[in-house]
Amino acid sequence: MDSIAILDFGSQTAQLIARRVREARVYSELFPWDAPPERVLALRPKGFILSGGPASVYDPGAPQVPAYVLESGLPVLGICYGMQALTHALGGKVAAAHKREYGHARLQILVDNPLLPPDTGQVWMSHGDRIETPPPGFIPLARTDNAPIAALGDLAAARFGVQFHPEVRHTPAGAEIIRRFVVDICAASPDWTPESIIEQSVARVREQVGEQRVLSAVSGGVDSSVATALVHRAVGEQLTAVFVDNGLMRAGEPLTVVETFRQHLGVQLRAVNAVEEFMEALAGVTDPEEKRRIIGEKFIRIFETQAREVGMPPFLVQGTIYPDVVESSAPDRAQAARIKTHHNVGGLPEEMHFELVEPLRYLFKDEVRAVGERLGLPPQIVWRQPFPGPGLAVRCLGEVTPERLAKLRAADRIVTEELSAAGLLRMTGDRRPGTDAPPPSSVSRPPPGTAQSFAVLLPVRSVGVMGDERTYQETVAIRAVTTDDFMTADWARLPHDLLARISTRIVNEVPGVNRVVYDITSKPPATIEWE
Ligand code: XMP
């Protein structure tokens, strides 16, 4: 299968470049700019894309275009810093400005060329260092009012540079530019589709697992579900899935998981009803970290027992996805990766020495979803919002009891139903911080939807009146956020009418709740979950 290698020079949008290439149906992988050449070349790329980055080419120690890229003779597209590094490497001159600014600009095409559509129009420019003299063989391809060389190219050598960002949505022709580069110029065949992804993963899993047995823990989350369904497609009866109902899932979820896997997909699923066990272990516990510890520990013990009962298969399925493993030279990635692991702990027993089967290791979330749909998983699973491992325990503030969980579940179901009816259960678009932030001037965008939205039960009682009766009951808080990466988040500006409907329904339909509040705190300083 054809592929494109993307070298990351520390860009905030390197992953977006990789996604755009894959949207053009060509497989792409990201590498730090200084990755060992043999690792990058092992991909056998049909071309290279050099990302942007914060440096200036004349800075001491500034990242350089690796020699193997130029020696390969393959097509190259440099974006922003990538364009300057390419210019510098090939003997052109770059004028340093040491400050980068971003903004809209209109691209004027100077020379007919295979990269830029004649009607490219608006682009998201990065105004920073600029090209003073193109390298020998290169000619300016496009300009903007402020940049005499907004794109350049050596058409014979199929090497190009653009000062703007084709990977962001604010360059409407960007996807087409990337498609032209990878498909027309690099001649990569566009065959990276959900079907081909499934086909390849299936082959890879079969090769890894052979005739052996595989175990999988399904939680109902998108990644573990798709990974399990894929491994089932690959090895069928060799797979045993385990689902532990800990009594901490949202309304209807345990049933959806069991029915989906058993009835629709025909997976051998061991459904363990551990509700009472978890309730006993959590009785009297109010400290959030203590709840997490107890739940994590209990899960491991139950899973170990299950593994033993099915004869300790040597392989374990894990739903790791590409953004979790991708190495990047962007400084905030390392930190991002660390925070993630924190949330992933409390998962599966480490001391059990399984060999991991990770069929989603090279997939972005949207690809995971496309594969899930193609494998026949229902929308409730494919489009499910992230849900914390400790489940409703960290949304049931104070003590976790079956009665309080029932209240929380009923309120939460109303939140989900109303947001779903309003079409706000998913994020629309894929905005990213930094260069892909929405332009401040944009008017009347549709409501962005929510990345996570749920009810929280507070152990706070307040006085109310219902009919002619005084009430003294608990409070439900509604939490709904927009975010791209869950590291920072903003509270969703939900329509007041919608909040009113949710509030009325909760107070009328959920016994024991007489007040509803809306959480208007962003992260930071708050977190998304209340515990
Ligand atoms: P916070 O509350 O830290 O949440 O802003 C960020 C994201 O992580 C999820 N989350 C967890 N996931 N185990 C998990 O698997 C946990 O203990 C946990 N705590 C928070 C949260 O739902 C949000 O998506």
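Where in the chain does A187 lie? A187 sits in the loop between α5 (174-185) and α6 (194-209); helices here are DSSP runs of H or I with at least four residues, strands are runs of E with at least two, and both are numbered from the N terminus. Before going further, keep in mind that this is a predicted model, where local features need pLDDT of at least 70, side-chain atom pairs count only at pLDDT 80 or more, and totals for chains, interfaces and linings use all residues. Residues are numbered from 1 along each chain as its sequence is written, and side-chain values use heavy atoms, with hydrogens and water left out.

Back to A187: its phi is positive, about 60°, although this residue is not a glycine. A187 is partly exposed, with a relative accessible area of 48%. On that scale, buried means under 20% relative accessible area, exposed means over 50%, and partly exposed is what falls in between (1.4 Å probe, protein chains only). R44 is another non-glycine residue with a positive phi, near 55°. Look for R44 in the loop between α2 (37-41) and β3 (48-50). With a relative accessible area of 69%, R44 is exposed.

Now for the overall layout. The chain splits into domain 1 (3-185), domain 2 (194-382) and domain 3 (395-518), with bounds that come from an automatic or database domain assignment. Taken over C-alpha atoms, the centres of domain 1 and domain 3 are 43 Å apart.

What about the inside? The largest nonpolar core has 65 residues, and V214 and F261 touch the most other members. A nonpolar core here is a set of buried Ala, Val, Leu, Ile, Met, Phe, Trp, Tyr and Cys residues joined through side-chain atoms within 4.5 Å. In soluble globular proteins, nonpolar side chains tend to be buried together.

Helix α10 (residues 288-309) holds R301, which is partly exposed at 37% relative accessibility. From R301 to M249 is 52 residues in sequence and 19 Å in space, C-alpha to C-alpha.

Next, the ligand. How many residues surround the ligand? There are twelve, and the closest are R292, Q452, K523, I528 and E529; a residue makes the list if one of its heavy atoms lies within 4 Å of the ligand. By class, this shell has five nonpolar, four polar and three charged residues. For that tally, Ala, Val, Leu, Ile, Met, Phe, Trp, Tyr, Cys and Pro are nonpolar, Asp, Glu, Lys and Arg are charged, and the others, Gly among them, are polar.

A polar side-chain atom of R292 is 2.6 Å from a ligand oxygen atom, and a polar backbone atom of G389 is 3.1 Å from an oxygen atom of the ligand. For E529, an N or O atom in the side chain lies 2.5 Å from a ligand oxygen atom. The protein covers 84% of the 490 Å² of accessible area that the ligand has on its own, using the Shrake-Rupley method with a 1.4 Å probe.

K523 turns up again in the backbone: the peptide bond from K523 to P524 is cis, with omega near -15°. P524 is in the segment after β21 (513-518). The bond joining P524 and P525 is cis too, with omega about 10°, and P525 also lies in the segment after β21.

Key: A polar contact is a pair of N or O atoms within 3.5 Å; within protein, one must be able to donate a hydrogen and the other to accept it, and residues adjacent in sequence count only if both atoms are side-chain atoms.
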